Amino acid sequence: MSYKEIEDRLKNNGIIILDGGIGGELQKLGAPMDKGLWAGKCTIDNPELVKKVHESYISSGADIITANTYATPPISMREHGYSEFIDEWNAKGVRLAKSVAENSKQNISVAGSVSTYGSWDRLSEDELIPGFKEQIKILSDAGADFLILEAMSSALKTVETLVKCSLDTNLPVWLSISCALDKKTDKLMLGYQESIEKNTKSFLYNDFTDSIQTIKKIHKGPILIAHTDMTIMKRALTELKHNFDGIIGAYPNVGYFEKPTWNFMEEEISPSQYCDEAKSWIDAGAQIIGGCCGVGPKRIEAISNLKN
């Protein structure tokens, strides 16, 4: 599927199915997770498994597969001693996804993931900019059809910096952010808590509505809520839709991270339950739906019927 086809479907109020998590599926297939780069190193160490994950999402009805570049931003690769491989690993992530898409009988688009993984708001804007721009250029040159700025788990200042770095690219750009519930005030915040049910640690940064008001001044492409507990997704989408006139989407996580592996909570949320939740996201205005960490092909297959 060319990006123009995606754009046309969205303009006609259609639904686009994004893939699910890559790292978790690689973990299930037995690929070792790197302590520093998580699933990023699998592109080099286990390329056939990476392709297998992409293929599984296409078979499940995804319109878009995402290159395995979330965990290989230059900032993180330099920190963990892989600076000489930045170009090679990021470009290969795109090429692997492109080869799977081109060999598929379906019309599939490939998104390049430009992420804040490894920066975690501890760096200044001047320190962040070179790495963000570097990854954007590599993924663009390698042939990504469009870019997803995966700024989930980041504070507003980091999100703003990443968006500004994308303004010069010729590719379409989507932005994903995450949110969490401040239980003391019952307000949504830019931040994250992977599982409310399991009471995992929460990180609360900026008021969610205020953040959207700031972000929309510089970003005009779709905004998606990602890596967010499913139980607050509809509320978050409703708030996003109320404050942003553009295309919106959702790809929550299911489970929680215990580095370097993911706890999936598969028995607690079935594919049909995930689909029921996804219907509520569409009701709230989402046109792009998929999954983040812990969401695999079975759940994507369950929601793929919703685009019809």
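Angles under 35 degrees count as roughly parallel, over 145 as roughly antiparallel, 65 to 115 as roughly perpendicular, and the rest as oblique. Axes here are lines fitted to C-alpha atoms, for helices over the stretch in contact, with angles running from 0 to 180 degrees between N-to-C directions. The model is predicted, with local features needing pLDDT of at least 70 and side-chain atom pairs counting only at pLDDT 80 or more, while totals for chains, interfaces and linings use all residues. Residues are numbered from 1 along each chain as its sequence is written, and side-chain values use heavy atoms, leaving out hydrogens and water. Helices (H or I, at least four residues) and strands (E, at least two) are DSSP runs, numbered from the N terminus.

Helix α8 is a handy place to start. Of the ten residues in α8 (residues 156-165), seven are buried, so the helix is largely enclosed by the rest of the structure. Buried means under 20% relative accessible area, as against exposed at over 50% and partly exposed in between (1.4 Å probe, protein chains only). The buried set in α8 is made up of L156, T158, V159, T161, L162, V163 and C165.

Two helix partners of α8 can be described. Helix α7 (residues 125-142) packs with α8 at an angle of about 45°, the two axes being 9 Å apart. The pair is therefore oblique. On the α7 side the contact (heavy atoms within 4.5 Å) uses E125, L128, I129, F132, K133 and I136, and on the α8 side T158, T161, L162, K164 and C165. By type, six of these contact residues are nonpolar, two polar and three charged. In that grouping Ala, Val, Leu, Ile, Met, Phe, Trp, Tyr, Cys and Pro are nonpolar, Asp, Glu, Lys and Arg are charged, and the others, Gly among them, are polar.

The other partner is α9 (residues 208-215). The axes of α8 and α9 come within 11 Å and cross at roughly 20°, which makes α8 roughly parallel to α9. Here too α8 passes α9 in a right-handed crossing. L156, V159 and E160 of α8 meet S211, T214 and I215 of α9, a contact with three nonpolar residues, two polar and one charged.

Turning to the sheets, eight strands line up as an open, parallel sheet in the order β1-β13-β10-β9-β5-β4-β3-β2. Pairing requires at least two DSSP bridges between two strands. At the edges sit β1 (16-17) and β2 (64-66), each pairing on one side only. Strands β10 (residues 248-253) and β13 (residues 286-289) are parallel and share three bridges, with I248 partnered by A286 of β13. Helix α10 (residues 233-243) packs on this sheet, touching β9 (223-229), β10 and β13, and its direction makes about 155° with that of β10.

Five of its five residues are buried, so β5 is largely enclosed by the rest of the structure. V173, L175 and I177 point one way from β5, while W174 and S176 point the other way. Strand β4 (residues 146-150) runs parallel to β5 and is joined to it by four bridges; L149 has L175 as its bridge partner in β5.

A three-stranded open sheet has the order β6-β7-β8 and antiparallel pairing. Its edges are β6 and β8 (203-207), each pairing on one side only, and the twist averages 55° from one strand to the next. Helix α9 packs on this sheet, touching β6, β7 and β8, with its direction at about 60° to that of β8. Helix α10 lies across β6 and β7, running at about 105° to β7. Strands β6 (residues 179-182) and β7 (residues 187-192) are joined by four bridges, and the partner of A180 in β7 is M189. The two strands form a hairpin with four residues between them, and D186 in the turn has a positive phi of about 60°.

Within β6 lies C179, which counts as buried at 1% relative accessibility. Leaving aside neighbours within four places in sequence, C179 contacts M189, L190, G191, Y192, F208, I225, T228, I232 and A236. C179 and D207 are 28 residues apart in sequence, with a C-alpha to C-alpha distance of 9.3 Å.

Technical notes: Left-handed = near helix turned anticlockwise from the far one by under 90°.
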